[in-house]
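User: I would like to go through the labels used for this structure. Please set each value against its cut-off.

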Amino acid sequence: MLGYNLWLAARSVRRNPVLSILIIGGIALGITIATSFITLHHVLAQDPLPDRSSRLHYVRLDSWDPARAYPGDAEKPIPPHITYPDMRGIMKSGIPARENGGFKANLYVYPEKDKGRPFRAVVRLCFSDFFRMFEVPFAHGGPWPESADEGPEQVIVIDHATNDTLFGGGNSVGRTVRLDEREFKVVGVLAPWRPTIKMYDMTQFAYQEPEAIYMPFNFVEPMEIRTAGNTDNWKANTDNTPRGFLYSETAWLQFWVELEDERKVQEYRDFLEAYVMEQKKLGRFQRPLDVRLTPLPALIEEFQVVPEETKGMMLISLLFLTVCALNLTGLLLGKFLARAPEVGVRRALGASRRAVFLQHVVECEFIGIVGGAIGLLLSMGVLFLFNKSFPFGEVFHLDAAMAGASILLSLVAGLLAGLYPAWRVCTLPPAAHLRLG
């Protein structure tokens, strides 16, 4: 029966091509707008690490000015970074399964003479745990060993694009790269990696691309590397040397820990509170005790990484689709009533109201599916424009969930547009249809 009704629907579409094109075009337009903006919100709001995000916690300590709170819009604002001495202090706990402190810096890269001129690259100083915590994919090699953190050993990991620039692609593990005045051995090359959110550092623009090069954190002192990220300081630093900056009250480091369960979370929180109380005895942390241990999903929400505008645009696009569907009701009603004589003959020959109603609903859904397929293709073009127009990179793509949502919306739109016309045409008495004929 369904196949027969689909055949009738296809015949009806071919019989009135101009009217059918108008109806299908209306559905396609609504689906294009709705799918594009739903996908925009879906991509930005999705969990970047669904398998482990609940185990990753961001550490913050309120080491700010005793006389006034940290400035911010939150109800109880707190510095988004921690200081270098505090990072060193809390890394002695031994509680987390993994932990990572880090920051980004700008260093000069000196390629081989035949590969081009020196250029400045964005480098992340981090620990070996960083790569496992944030599921960084490798094309060749892997993270440096934990022993290289302590040295530190002159090893680096480079991204896919840097590998192409310096070595023409391929496996460059074991090759050397000069950064500033030192030679580093490549131990790993990343696979192409562009997470939607730069989840390990959301303190500036959360949609920045990941860094090009990664090196052991402990080079920060011997190489006197300064951060290229944000810094917060409430206390004047009288020592303007690199070491003076490191050991000042300036907060500038992002610090993450991986805690396996709630028991570990509480154990680590107790450790942090004990650490702060010890620091209070030394004259630091004179504000009320405030230790923050925030899971990654909650931190994304707290930092308002997903723009509120995307949710508003998604709701408006759904409203636009609804308006498109309702506006097509009149066209479908006119189209169905024009077939009144045909419907009257079918009813007179014994077709039930249910069969007539079902026939016209199937036609509406057929139109919805065709319009939805066209809208789905058009939305790919819109997402391509999003990728070119916004500074997020090539991150907006239709996945299976969004394609399924688009099909569902097209079915709902077809039903919404055709439900009343289908009911109206099947409720007229057969005699009235025959008189019209």
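Analyst: Start with the aromatic cluster. Tyr58, Phe130, Phe131, Phe134, Phe138, Trp144, Trp193, Tyr200, Tyr214, Trp256 and Phe303 form one such cluster. The model is predicted. Over the whole structure, the search finds 26 aromatic pairs.

User: What makes Tyr84 and Tyr247 an aromatic pair that is edge-to-face?

Analyst: Two values decide. The centres are 5.3 Å apart, and the cut-off for a pair is 6.5 Å. The planes stand at 90°. Edge-to-face needs over 60 degrees, so the label follows.

User: Which parts of the chain does the pair link?

Analyst: Distant ones. Tyr84 is in helix α3 (residues 84-90). Tyr247 is in the loop between α7 (242-246) and β10 (251-258). The two are 163 residues apart.

User: Why is Tyr84 called buried?

Analyst: Its relative accessible area is 0%. Buried means under 20%, so Tyr84 qualifies.

User: And what is the label for Tyr247?

Analyst: Partly exposed. Tyr247 has a relative accessible area of 40%.

User: Why is the pair of Phe130 and Phe134 called tilted?

Analyst: The ring centres are 5.5 Å apart, with the planes at 45°. Stacked needs under 30 degrees and edge-to-face over 60. Phe130 and Phe134 are both buried.

User: Which residues make the contact?

Analyst: From α2, Leu19, Ser20, Leu22 and Ile23. From α11, Leu331, Leu332 and Lys335. The contact divides into 5 nonpolar, 1 polar and 1 charged. Lys counts as charged, so Lys335 is the charged residue.

User: Last one. Why is Pro288 called exposed?

Analyst: Its relative accessible area is 60%. Exposed means over 50%, so Pro288 passes. Pro288 lies in the loop between α8 (262-281) and β11 (291-295). Its C-alpha atom is separated by 9.5 Å from that of Ser63, 225 residues apart along the chain.

Technical notes:
Residues are numbered from 1 along each chain as its sequence is written. This is a predicted model: local features need pLDDT of at least 70, side-chain atom pairs count only at pLDDT 80 or more; totals for chains, interfaces and linings use all residues. Side-chain values use heavy atoms; hydrogens and water are left out. Contact means heavy atoms within 4.5 Å. Helices (H or I, at least four residues) and strands (E, at least two) are DSSP runs, numbered from the N terminus. Rings of Phe, Tyr and Trp (its six-membered ring) pair if their centres lie within 6.5 Å; planes under 30 degrees apart count as stacked, over 60 as edge-to-face and the rest as tilted. Buried means under 20% relative accessible area, exposed over 50%, partly exposed in between (1.4 Å probe, protein chains only).
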